[in-house]
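Me: I have a model open and would like to learn how to read it feature by feature. Could you walk me through it?

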Amino acid sequence: MPRPELQAPPEIFYNEVEARKYTTSSRIIEIQAKISERALELLALPNDGIPRLLLDIGCGSGLSGDTLSKNGHHWLGYDISSSMLDVALEGEAEGDLLLADMGQGLGLRPGVVDGAISISAVQWLCYADKSSHEPRTRLKAFFGSLYRCLARGARAVLQLYAENRDQNEMISTYAMRAGFSGGIVVDWPHSSKARKEYLVLTCGLPSAQTYQPKGKGENGEVCSEDKESDADTDDNQTVDVYDRNRPRKKLKVKKKGKGREWILKKKEQMRKKGYDVPPDTKHTGRKRKDRF
């Protein structure tokens, strides 16, 4: 069966029938709960009992939001499918729901959010569903607005199903260009079915207090550094931190001024066309001083 991203745009694919099916499937509910718990774990929020304001990007019918609510947090849910949000409202989701396209930016005030999660949503930005859609432009708008609305030092954990390595690199590149630091955490890297990838991003440059979490291996155990170094492959590497400084613009090279020969040639052309042109003298085309 082809990927959902290849069948139709998300607002069309997740219609009323698909939204109901998605929400009533016990298997999907169980998988969503496990992924959401893992994403919340990777956020590494302080265990001080204070509720945080979190974003759920691509919240769908509110399955991942339920996990946030059970852990005592407040959340805002973004989704492009009105059918999914209708199901979330019927289920009395505790978060505030917004019908919005994340590819156009999140539109929140700077520094007001304590963290963000996204379950199986960000890869949709890599597909152009309309003639006006350009994946790179949409990724830039999304990550730029996400970076601005997060508090400094806050994390965003984006679980995604990239179609190939190129998509993974494109998503990671635009995240780093927006100012994030971090990388990809892979759980169960050697399993084709259980493998899950999380793009774990920190708002700002890494410091001594920040660390890159490890992926989970067999039996749900955290991979040790020795095992990770032995089994490290191209598909299980942490994304490098990019240089956040923008490349300098090329300086304009001043061309040399027009010389005497060029001026005489142009004056001759004007005479042939019948224009009244001043006569040539020894001062024609002379170099003037910088100041009088």
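Me: Which residues of helix α6 are buried?
Reply: Keep in mind that this is a predicted model. Buried here means under 20% relative accessible area. In α6, residues 82-90, that picks out Ser83, Met84, Leu85, Val87 and Ala88.

Me: What do the buried residues of α6 pack against?
Reply: Their partners are α3 (16-24), β2 (74-79) and β3 (96-99). Helix α6 lies across β2 and β3, and runs at about 165° to β3.

Me: How many bridges join β2 to β3?
Reply: The general idea is that strands of a sheet pair through backbone hydrogen bonds, either parallel or antiparallel. In this case β2 and β3 run parallel, joined by four bridges. To find one in the viewer, take Gly77, whose bridge partner in β3 is Leu97. The chain passes from β2 through α6 to β3, making a right-handed β-α-β crossover.

Me: What is the strand order of the whole sheet?
Reply: It is an open sheet of seven strands with mixed pairing, in the order β3-β2-β1-β4-β5-β7-β6. The edges are β3 and β6 (180-187), each with a single partner strand, so one side of each has no neighbour in the sheet. On average, neighbouring strands of this sheet are turned by 15° against each other, direction ignored.

Me: In which sense do β6 and β7 pair?
Reply: β6 pairs with β7 (residues 196-203) in the antiparallel sense, over eight bridges. One place to look is Gly182, with Leu201 as its bridge partner in β7.

Me: Which strands does α4 lie across?
Reply: Helix α4 lies across β1 (53-57), β4 (113-119), β5 (150-160), β6 and β7, running at about 145° to β4.

Me: At what angle do the axes of α3 and α4 cross?
Reply: For two helices, look at the approach of the axes and then at the angle. The axes of α3 and α4 (residues 26-43) come within 5 Å and cross at roughly 70°. Angles of 65 to 115 degrees count as roughly perpendicular, so that word describes how α3 stands to α4.

Me: Which residues meet there, in α3 and in α4?
Reply: From α3 come Tyr22, Thr23 and Thr24, and they meet Ser26, Ile28, Ile29 and Gln32 of α4. The residues of this contact divide into three nonpolar, four polar and no charged.

Me: Where do Ser120 and Trp188 lie?
Reply: Ser120 is in the loop between β4 and α7 (135-149), and with a relative accessible area of 22% it is partly exposed. Trp188 lies in the loop between β6 and β7, and it counts as partly exposed at 31% relative accessibility.

Me: To finish, how many helices and strands are in the protein?
Reply: There are ten helices and seven strands. Of the 292 residues in the protein, 41% are buried.

Conventions:
Residues numbered from 1 in each chain as written. Predicted model: local features only at pLDDT ≥ 70, side-chain atom pairs only at ≥ 80, totals over all residues. Heavy atoms only, no water. Buried < 20%, exposed > 50% of the residue type's maximum accessible area, 1.4 Å probe, protein only. Contact = heavy atoms within 4.5 Å. Pairing = 2+ DSSP bridges. Right-handed = clockwise from strand over helix to strand, strands pointing away. Axes fitted to C-alpha atoms, helices over the stretch in contact; angles between N-to-C directions. Parallel < 35°, antiparallel > 145°, perpendicular 65-115°, else oblique. Nonpolar A, V, L, I, M, F, W, Y, C, P; charged D, E, K, R; others polar.
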